[in-house]
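Me: I'm new to this one. Can you show it to me and then take some questions?
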Amino acid sequence: MARIRHKYEGQLDGLIKDLRRLGLYVYRNIEFGLTSLSEEDRNYARQTIAKDKEINEQETAINEKVVLLITKQQPIATDLRLMMAALKIATDFERIGDNAASIAKIRLRAKIIDEYVLTRLNTMGKLALLMLKDLDDAVNDNDITLIKEIIDRDKDIDDIYKNIVNTTYLIDNDPFVAGQAHLAARHLERIGDHICNIAENIYFFITGERYESYNK
């Protein structure tokens, strides 16, 4: 019985490691997607799009592992909470990967050269990357305070998004490029939202309470 439990606990640890590995892949793909926007060479964009397939495969593998654990191990409440959170977190990571790939596809269609807009797009991306990095630290340390702070930080990304959308002078220059810039900002805003979802699911796993309950 002790050997079975030890193996089971190893599988749970493996699930957490898989999620963190997926998070690292997503982190790097956001970096690549951002870089592609300002690069003359479109290979960055193509690599970002290609790497999204790996993210999709990892999400599928995590989902299959969770289903197998649930059906074979009959997990207790705490373990089941981890597994349910893992399914949702993997889904949000996969969607972040989709957003990063979509940003890269924008670079294949257009080149954004306006420094004002590029600076703000890069700022949105860097804020999202910092949220992901700090979230990994928060998980490692079971730091609930940091998790709450990360969720609150999404407002900064939203504010920059609104600033870009309300920027009209670029439209007078090139309406198509302006539309693509606004679309890139939208994808970055969605990345921030998905990171918030991940943080809320981690909060639920650690505390056993919904973040919305705390927030009321």
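Reply: A residue counts as buried under 20% relative accessible area, exposed over 50% and partly exposed in between (1.4 Å probe, protein chains only). This is a predicted model, where local features need pLDDT of at least 70, side-chain atom pairs count only at pLDDT 80 or more, and totals for chains, interfaces and linings use all residues. Residues are numbered from 1 along each chain as its sequence is written, and side-chain values use heavy atoms, with hydrogens and water left out.

Me: OK. Is K65 buried, exposed or partly exposed?
Reply: K65 is partly exposed, at 31% relative accessibility.

Me: Which residue does K65 form a salt bridge with?
Reply: D18, with the closest N and O atoms 2.5 Å apart. A salt bridge here is a side-chain nitrogen of Lys or Arg within 4 Å of a carboxyl oxygen of Asp or Glu. D18 lies in helix α1 and K65 in helix α2 (residues 43-73), so the pair ties together parts 47 residues apart in sequence. Helices are DSSP runs of H or I with at least four residues, numbered from the N terminus.

Me: What else does D18 form a salt bridge with?
Reply: R21, at 2.8 Å between the closest N and O atoms. Both lie in α1 (residues 2-38), three residues apart, about one turn of the helix. D18 is buried at 14%, while R21 is partly exposed at 41%.

Me: How many salt bridges is that count?
Reply: Eight by this rule.

Me: New topic. How many residues does α5 have?
Reply: Helix α5 (residues 144-165) has 22 residues. Its buried residues include R153, D154 and Y161.

Terms used:
Helices (H or I, at least four residues) and strands (E, at least two) are DSSP runs, numbered from the N terminus. The expected span of a helix is 1.5 Å times one less than its number of residues.
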